[in-house]
Amino acid sequence: MRWFLRRLVFYAFAVWVALTLNFLLPRLMPGDPIGGVLQHLSPAQLASNPGIIQTYQALLGGGKHSIWHDYVTYLHRVSHLNFGISTSNYPAPVSDVIGRTLPYSIFLVGVAFLIAFALGTAVGMVAAWRRGGAFDTFVVPTLMALSAFPAFFTALLGVYFLGLKLHWFPIQHAYDSGLVPGFNWTFLSSALRHSELPILVIVAAFTGGWVLNMRTVMINTISEDYVAMAQAKGLRDRRVMTRYAGRNAILPPLNGFAAQFASAVGGLVFIEYVFSYPGAGLTLQQAALGNDYPLTQGLLVVFAFCVIASNFVMDLLNFALDPRVRAS
């Protein structure tokens, strides 16, 4: 319990730092953020929402109150998920825009990253167990070569060869035009079809790192005495590989899951831009280019929460799976 409370305090501090940096970001930028936001709104739109200027002043600064008053007001609004009105999607609130686009990104990164982790761990385990064989000689270098390219470059290659040349996958948007999003088979099948190529690109971009990490740790684990004892008992190679060597070798790669996840979230902007995929990454890019400060702030807070939450979950899994952490 003491360990859990210490980690909880640490991540609460990390959340506070992320929120504070997000509060200071528009105030440290040159120019007037409020003026940049309001220039996109017509006089009729301003007249229909008289409190919009006060809302933006609390979120972005520029009001008559002190910065401490703005900071407390900002934290209060963020705690209620109130980031104001999105100027690029007026009059939709920022929370509605995020709620509409975030599920696409969660599905994309979540499915792709779990596949990349499972595939990379399995390939690295087998490659280390059969080191020097055909599998280790050809499959591992191929996956490493794919991971060496930037994710957006791999996405461009996928669009050109698999989409335009071979016509295996659709290359734009999250579903067919004319469909209305909803929980029905027509929309879900179309959305799944449009997500296949972006998921394949993310898997290709991140599997090689898991393979190399797992292979390195697995080679060191194979030389341990308890693995030799299991083999001396006459246990099958598959059981020794998975239940003895692999079970212990997976812990160090698992510790790097959160860092790789943060990298995938950062690269999501470029991948969604290539595929015109209407997720949170593409929305963040459009909001930043359109000076939609409220939407940019809201998305940055959501991305920060996702990364911090993934680190916290990985710490809990590491505590549950590794008895050395509990013993220490």
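Visitor: At roughly what angle do the axes of helix 13 and helix 14 cross, and within what distance do they come?

Guide: Two packed helices are described by the angle between their axes and the distance between the axes. Here the axes of helix 13 (residues 257-275) and helix 14 (residues 280-289) cross at roughly 90° and come within 7 Å. Axes are lines fitted to C-alpha atoms, for helices over the stretch in contact, with angles from 0 to 180 degrees between N-to-C directions. Helices (H or I, at least four residues) and strands (E, at least two) are DSSP runs, numbered from the N terminus. The two helices are therefore roughly perpendicular; angles of 65 to 115 degrees get that label, under 35 is roughly parallel, over 145 roughly antiparallel, and the rest oblique.

This is a predicted model, in which local features need pLDDT of at least 70 and side-chain atom pairs count only at pLDDT 80 or more, while totals for chains, interfaces and linings use all residues. Residues are numbered from 1 along each chain as its sequence is written, and side-chain values use heavy atoms, with hydrogens and water left out.

Visitor: Which residues of helix 13 and helix 14 meet?

Guide: Contact means heavy atoms within 4.5 Å. Leu268, Val269, Glu272 and Tyr273 of helix 13 meet Ala280, Gly281, Leu282, Leu284 and Gln285 of helix 14. This contact has six nonpolar residues, two polar and one charged. Ala, Val, Leu, Ile, Met, Phe, Trp, Tyr, Cys and Pro count as nonpolar, Asp, Glu, Lys and Arg as charged, and the others, Gly among them, as polar.

Visitor: With which residues is Phe303 in contact, leaving aside its neighbours within four places in sequence?

Guide: Those residues are Val265, Ala280, Gly281 and Leu284. Phe303 itself lies in helix 15 (residues 293-321) and is buried, at 13% relative accessibility. Buried means under 20% relative accessible area, exposed over 50%, partly exposed in between (1.4 Å probe, protein chains only).

Visitor: How many aromatic pairs does a search of the whole structure find?

Guide: The search finds 12. Rings of Phe, Tyr and Trp (its six-membered ring) pair if their centres lie within 6.5 Å; planes under 30 degrees apart are stacked, over 60 edge-to-face, the rest tilted. The ring centres of Phe23 and Tyr74 are 5.2 Å apart with planes at 50°, so this pair is tilted. Phe23 is in helix 1 (residues 2-28) and Tyr74 in helix 5 (residues 67-79), so the pair ties together parts 51 residues apart in sequence. Phe23 is buried at 2% relative accessibility, and Tyr74 is buried at 0%.
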